[in-house]
Amino acid sequence: MSKANNSKNTSGNSKKGLGIKGKLIIFILPLVLAALVAVTFVCTYMAYKSQIEQTTATMNASLEANNNMVDSELENIRKAAIDLSIFVSKTYKDASMETYKAVFSDMINQNDLIIGSGIWFEPKVYSGESRYSNQEYVGPYWYKDGDDIVEDWQYSNADYDYFSQEYYTDAKAMTELKASITDPYFDPASSVVMASCSAPIFNEGGNYIGCITVDMSLDTIAAVISEIKVGNSGVAVLTTADGTYIYTQDAEKVQNAVKITEDSSPISAVGEAVLSNESGEAVFNSGSDGKTNVYYSMVPEVGWKLLLLMPQSEIFHPIYIMMNTAIIILAVAAVVCVIVIMTIASGISKPIKKVQKFAQELAAGNFTIDKIDIRRSDEIGQMSDSLNVMYENNSGVIRNISKGSNQVNESSDRLSDVAMNLLDNFANVHTSMREVNDAMTSTGAATEQVSASTNEVNDSVQKLTDETNEIRKEVGAILKRAESIERDSQEACDNAIEIARIRGEELEAASKKAVVIEEIGTLANSIAEIASEINLLSLNASIEAARAGEHGRGFAVVADEINNLASQTASAVEQIQGTVAKIQEAFKQLDNSAGGLLAFVKETVTPDYEKFIEIGQQYGSDAKAFGDLTEQTGEMVRSISVAMDQVNAAVSSIAESANVTAGSAAEVTDTVENVNEMVEDISQMAESQQDVSSNLNEIVNAFKLDITPLEGAQSTDEDSVSES
């Protein structure tokens with residue numbers, strides 16, 4: 001039996017699969033690498049989206065800021081034209097041309113964009129000076145000439161006929177007081193891009209009596225547009241509503257009034273899209289430089305289009321750097337993972353190999369080996385300690401079984417010999433009564449020895465029963481520890497889920513508080529409107545001061561200071577609006593980061609706890625299986641005890657019969673037949689006991705034990721048998 005088991009163990013050991021190191025590298029390393037690649041891909045994709053969103057937000061913010069700047073400058077021109085129209089409508093009957101020159105000169109000097117302004121009266125309307133009364137054309141025009149303001153009347157005649165000019169007819173067609181700006185045009189004489197703003201003049205009855213024109217140079221706006229730099233190579237372009245360039249880096253295109261849709265450069269591919277939409281994005285292929293993104297929006301009221309051009313190579317340059325860095329980190333992480341996995345696998349496989357070798361020896365029935373020596377505080381160390389305890393307990397149990405088996409075997413042999421001798425001697429009972437008495441005497445002695453041996457076997461069986469009960473208690477303790485592990489893991493899992501829920505509620509509450517930032521933006525817009533009103537009031541104050549002449553100079557200084565204060569307020573409002581946008585973006589990033597952290601708790605931490613719970617459940621199942629095995633061993637021990645009780649009862653019966661026979665020889669003859677039947681029963685019991693003993697020997701022989709045979713007891717029993 002032992003050789004068969006050893007051969008099975010040897011064949012089982014020869015079938016070796018992948019070790020822990022191999023499995024960790026083959027199964028875990030690809031997963032780790034796949035996870036790293038996935039993380040790299042996701043991070044790159046998120047960075048790509050974030051870069052696009054950030055670039056779009058930056059471009060839109062720049063467009064809005066510069067559009068507001070252009071619109072603010074144009075609005076100042078429109079307000080100036082309207083203010084002059086109001087002033088003229090109230091003074092055209094009594095104000096002199098000198099008064100108008102002073103007011104218009106002051107307005108021209110205060111605004112760098114304005115290069116000239118004029119009044120164009122209807123025929124025979126102006127009566128402020130008698131020399132101009134009842135004249136057909138009264139149209140003074142004032143313009144800058146260096147530091148001086150020149151008054152020009154060359155357009156106030158029938159040859160020019162300002163009544164037929166577009167600015168005049170447009171103003172005359174207006175039914176309410178407002179100002180309109182014509183599309184810019186390039187003036188070859190002055191080599192500047194110009195535009196005109198016109199506003200109608202109405203008298204007290206609401207009748208049209210002329211118009212105001214304010215000519216402006218767009219060089220200042222073009223200079224501001226030229227200084228717009230987004231990133232390292234982003235540039236700006238400004239066009240009219242029909243696509244004619246107001247500013248581009250190629251000055252010849254501005255001078256030649258080239259339209260974006262007719263441009264020979266690749267930007268013409270997006271010209272139609274830019275002109276047909278108020279705002280948006282477009283992409284065109286710029287040749288060797290790759291693709292270029294175009295972000296555009298419309299300047300309010302005038303319909304001009306402001307474009308920001310940014311090469312994609314610059315937009316995605318941080319992404320390329322991040323990708324290269326991520327690839328390097330991925331390679332380093334792969335090498336580190338291999339090293340860490342090999343180190344961890346070595347730390348796990350070495351003690352497991354010791355445990356495996358120890359378990360194989362125990363499985364082969366070898367209880368002569370030393371206990372396993374693994375000094376660890378983790379599950380492997382606990383498993384080795386449990387194996388050592390099992391080794392000690394089972395070794396003692398098997399030694400006791402071995403001793404009891406030998407004694408039962410020896411007693412069975414002796415009992416069988418006695419039964420055979422009795423059967424042989426019963427043939428001569430009738431001829432020799434003395435021999436019967438002697439035989440019965442020997443039988444009594446033999447039964448006493450058998451009874452003594454049976455008692456020894458019972459003692460061994462009782463010890464085996466005690467050992468089995470101890471094992472059952474240990475199994476119960478193991479099962480309780482497994483249940484405790486499972487319960488603690490479940491509590492930790494529930495705590496992790498509760499923490500994730502609480503943090504999610506806190507994040508939602510913080511997001512609601514971010515609405516305060518939008519209220520700040522609303523307040524900033526209100527402040528901007530107030531600053532605009534203050535600017536208008538300052539201009540009206542300047543006009544009134546000009547009318548007052550020398551007495552109004554001090555008031556004009558105050559008006560200038562108010563105007564400067566309004567400009568500073570508008571600039572501060574723009575900074576507040578920019579800061580509000582940045583704070584909103586920071587809240588958005590905080591929301592995304594906290595959401596990623598909550599996703600990590602829900603998708604990674606919780607499944608790890610669930611695996612821990614499954615390990616505790618498996619630990620309990622193993623303990624239960626070991627308890628079932630112990631219960632089976634107890635059943636076997638109880639069966640042996642019952643059999644030994646039967647043997648003991650039979651031996652007692654033999655002893656009683658022998659005493660009765662020795663006490664009364666006369667009764668021996670009458671009961672010979674009965675005794676003969678009893679002897680046959682004893683022979684059958686002896687054979688049955690030999691079978692039980694053989695089974696015990698086969699079981700015990702499968703184990704290697706340091707057990708010294710009981711030679712003294714065996715020789716004594718053999719002597720008693722030979723005497724019988």
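User: What separates R78 and E75 in helix α2?

Analyst: Being 3 residues apart in helix α2, R78 and E75 are separated by about one helical turn; helices here are DSSP runs of H or I with at least four residues, strands are runs of E with at least two, and both are numbered from the N terminus. The model is predicted, so local features need pLDDT of at least 70 and side-chain atom pairs count only at pLDDT 80 or more, while totals for chains, interfaces and linings use all residues. Residues are numbered from 1 along each chain as its sequence is written, and side-chain values use heavy atoms, with hydrogens and water left out.

User: How should I read a salt bridge, and which residues form one with R78?

Analyst: Side chains of opposite charge can pair when their charged atoms come close. The criterion is a side-chain nitrogen of Lys or Arg within 4 Å of a carboxyl oxygen of Asp or Glu, and a search of the whole structure finds 7 such salt bridges. R78 forms one with E75, where the closest N and O atoms are 3.0 Å apart, and another with D71, where the closest N and O atoms are 3.3 Å apart.

User: What does the salt bridge between E122 and K172 tie together?

Analyst: The closest N and O atoms of E122 and K172 are 3.6 Å apart. E122 lies in the loop between β1 (114–121) and β2 (141–145) and K172 lies in helix α4 (residues 166–172), so the pair ties together parts that are 50 residues apart in sequence. E122 is buried, with a relative accessible area of 15%, while K172 is partly exposed at 46%. Elsewhere, salt bridges that share partners join D71, E75, R78 and E301 into one network.

User: How many disulfides does a search of the whole structure find?

Analyst: A disulfide is a covalent bond between the sulfur atoms of two cysteines. Taking a pair of cysteine sulfur atoms within 2.5 Å as the criterion, the search finds 0 disulfides. As for individual cysteines, C43 is partly exposed, with a relative accessible area of 40%, and C197 is buried at 0%.

User: How do I read a nonpolar core, and which residues touch the most other members of the largest one?

Analyst: In soluble globular proteins, nonpolar side chains tend to be buried together. A core is a set of buried Ala, Val, Leu, Ile, Met, Phe, Trp, Tyr and Cys residues joined through side-chain atoms within 4.5 Å. In the largest core, which has 76 residues, V88, Y100 and F104 touch the most other members. Helix α2 (residues 20–91) gives the most to this core, with 12 residues. Neighbours within four places in sequence aside, Y100 is in contact (heavy atoms within 4.5 Å) with F87, V88, T91, Y92, A95, I119, Y126 and W142. W120, Y137, F163 and Y208 are among the residues of a second, separate core of 11.

User: Which strands pair with β12?

Analyst: Two strands pair if DSSP finds at least two bridges between them. Strand β12 (residues 305–311) pairs with β11 in the antiparallel sense over 7 bridges, with V294 partnered by L309 and Y296 by L307. Strand β8 (residues 235–239) is also antiparallel to β12, joined by 5 bridges, one of which partners A236 with L308. On a further strand, β10 (residues 280–285) runs antiparallel to β11 with 6 bridges, and V283 has N293 as its bridge partner. The hairpin of β11 and β12 has 6 residues between the strands, and there E301 takes a positive phi near 70 degrees.

User: Which way do the side chains of β12 point?

Analyst: In a regular strand the side chains alternate between the two faces of the sheet. K305, L307, L309 and P311 point one way from β12, and L306, L308 and M310 the other way. Since 7 of the 7 residues of β12 are buried, this strand is largely enclosed by the rest of the structure. Strand β11 (residues 291–298) is mostly covered, with 6 of its 8 residues buried.

Notes: Buried means under 20% relative accessible area, exposed over 50%, partly exposed in between (1.4 Å probe, protein chains only).
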